[in-house]
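Please look over the model before reading on.

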Amino acid sequence: MMNDPQKSDLCIVAVKPANKPEGPGAERVEPRRGTKGNADEPNTCRTQRRESVPQGLDRVRERAKAKKKERFTALLHHVSIDLLTESYQRLKRDAAAGVDGVSWWQYGEQLEANLLRLHERIHRGSYRPQPVRRVYIVKENGEKRALGVTALEDKIVQRAVMDVLNAIYEVDFRGFSYGFRSGRSQHDALDALAAAIKQRKMMWIADLDVAKFFDRLDHSWLIRFLEHRIADQRVIRLIRQWLEAGVMENGEWMSAEEGSPQGAVISPLLANVYLHYTFDLWADRWRRSIGKGEIIFVRFADDIVAGFQHEDQARKFLSALHTRLNQFALSLHPQKTRLIEFGRFAARDRRCKGLGKPECFDFLGFTHICDRNRNGGFQLLRRSRRDRMRKKLREISEQLRKRMHHAIREQGQWLGQVLRGYFAYHAVPTNSHRLKAFRHHVVEMWRRTLLRRSQKDRTTWDKMERLTERWLPRPDILHPWPEARFLVKHPRWEPSARIGPARIWSGCAG
C-alpha cells in the first residue's frame, strides 16, 4: 500500500505534525497559515452576518461610541480601493443609468483600472460629481414625485462615504429611528408601533407628514449638522459637491440650492442626519423634560408617528413641533398631519361621547385599525392599504398584457415570484383577508389574459384551479405577532424574568 506514491501522499497529509521535527522519523507537512502579516490585512469577518468589515471603521465606530462629542478629522483615507470595489458590487445591476449613460456592466468591463483612477481622483481632489438626471413617478393621488438618477461613479463614491459615516452616526441615532439603517427594517418599525399601542397607555396618535422634506432640505443647516461630528473638510467638500451638482432635465441643467435628490445613494443618510438634529434629539428631550404621561415616537425616514396618553400633551407637542420645524425650513403638511383618538380605550371613550368608530391611520403600507378580538379585548388590525394594493394589481395587469402570448409555464413562474414578493412583506397577522383578496384578483386577471389569447380559448375555473395550485403560493401568514417579535429583539425587565431593567422603551423612545 505505501509503495503507491499517490496513496503515500495522502497518508502524509493525514499525519499530525511531529512535536520534534528535528528527529529522523519526523515528516514535513504543509504548515498552517501563520499570523505574520495579519495586521496589514484591511478586512476581518467579525459581524454576525459574516460580512467583511474594515478594521479601520470598527475603530471609528468604537471611538464614536466612547466619545459622543468628538469630531473626526481624518476619514477620507478609509475610502480605499477595497471599499470602492465593495460599493460597486453592492449596486443594483439593472439600475437606470445617469447622465453619463454608463451601466453597471459597462463599468465592470475594466473595473480595476476604473476604480484605480476613481480612487486617485478622490484623494487628489480632482473628483467632480455629475448632475443628477431627474425623472418623475406618479403617486397614488395623481401627483408627480421627482426622483434623481445618479451617475454610476457618483453612486460608488456615495456608497463608500456612506459606509464611513454610518460607523459614526449609527451610534448616535436614537432608538426610534428606523429608516435606512443597518439591521433595521420597516417591520421593526411596525412592530415597535404595534407593541406600544397594545401594551402602553396610548390614547392619541399623531400621524405626522413633513411636507416635501427631500425637496426643502436646507444645505447650510445640513452642513452645520454634519460638522458636529465631522471635521474632515475633504468629506464635507464631497457632500457639498453632491448637493450642489444640480439637476439635468430635458437636456437642461438647473442648479439645486436646496433639497437632496430622492434616489441618490447618500440621500437616506443625509435625511437621517438632518432629522436627527431637527426632530429626534428635540423630541426626545421634549418627552423627558416637558411631556407628561406615556409618549412614544416611531420614525422611518420622514414618516413619523407619535403616540400620547393625554390629548393636551399631544396638542402641545404639535404646536411646539410646528415652531421647531419652521426654524429649519421645514413644515408639517396641513392636510396629511392628523391627531386622532386611537388605542385600547378609544372605541369605548368615543361611544360615551356619542361619536363613531375610531379613525384609522396609515404607516409603511398598512392601515392600522382599532378592533376587538373574539374575547372582546382590544386588537390592532393591520391591513394592506387599499390604494397601494390597487396600484400593484394595475401593474400586474399591465405586465400580464405584455406577457399574454408567453407560455403558461413562464406566466405562472412570473406570477408566483410576484406573489411571493408581495406576501413576504404583507403576510402579517390580521391581514389574511387582504392577502386572499389580492391572490383572488391575480387569478382572475390571469384567467382573463388566457381567454384573450384566442377566441376559441375555453379556460375553465377547473383548469385555473389546477394552474393556481401549481404556480401560485397560498397566502400564509409569514410574520409573527408584532409584540412577540419586538420583545424578543428588545427584552424588557419583568418581575419574573431574570433580565436587568431596560428603563427605556427600546426601539420606540430610546
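Helix axes here are lines fitted to C-alpha atoms over the stretch in contact, and angles run from 0 to 180 degrees between N-to-C directions. The model is predicted.

**Helices H3 and H6**
- Two packed helices are described by the angle between their axes and the distance between the axes.
- The axes of H3 (residues 81-89) and H6 (residues 152-169) come within 8 Å. They cross at roughly 115 degrees.
- Angles of 65 to 115 degrees count as roughly perpendicular, and H3 and H6 are therefore roughly perpendicular to each other.
- The crossing of H3 and H6 is right-handed.
- On the H3 side, Leu83, Leu84, Ser87 and Tyr88 make the contact. H6 contributes Ile156, Val157, Arg159, Ala160, Asp163 and Val164.

**Strand S3 and its partners**
- S3 (residues 132-138) pairs with S6 (residues 247-249) in the parallel sense, over 2 bridges. Val132 stands opposite Val247 in S6.
- S3 also runs antiparallel to S4 (residues 144-149), joined by 6 bridges. Here Val138 stands opposite Lys144 in S4.

- S11 (residues 361-363) and S12 (residues 366-372) are antiparallel and share 3 bridges. Phe363 has Phe366 of S12 as its bridge partner.
- The S11 and S12 hairpin has 2 residues between its strands. Leu364 in that turn has a positive phi of about 55 degrees.
- S12 pairs with S13 (residues 378-384) through 7 bridges, again in the antiparallel sense. Phe366 stands opposite Ser384 in S13.
- The hairpin of S12 and S13 has 5 residues between the strands. Gly376 takes a positive phi near 90 degrees there.

- Is His368 buried or exposed? Its relative accessibility is 0%. Buried means under 20%, so His368 counts as buried.
- A polar atom of the His368 side chain lies 3.4 Å from the backbone oxygen of Phe366.
- Which residues does His368 touch, not counting those up to four places away in sequence? They are Leu190, Leu193, Phe342, Cys360, Phe361, Phe363, Leu380, Leu381 and Arg382.

Terms used:
Residues are numbered from 1 along each chain as its sequence is written. This is a predicted model: local features need pLDDT of at least 70, side-chain atom pairs count only at pLDDT 80 or more; totals for chains, interfaces and linings use all residues. Side-chain values use heavy atoms; hydrogens and water are left out. Two strands pair if DSSP finds at least two bridges between them. Helices (H or I, at least four residues) and strands (E, at least two) are DSSP runs, numbered from the N terminus. Buried means under 20% relative accessible area, exposed over 50%, partly exposed in between (1.4 Å probe, protein chains only). A polar contact is a pair of N or O atoms within 3.5 Å; within protein, one must be able to donate a hydrogen and the other to accept it, and residues adjacent in sequence count only if both atoms are side-chain atoms. Contact means heavy atoms within 4.5 Å. Angles under 35 degrees count as roughly parallel, over 145 as roughly antiparallel, 65 to 115 as roughly perpendicular and the rest as oblique. A crossing is left-handed if the near helix is turned anticlockwise from the far one by less than a right angle, and right-handed if clockwise.
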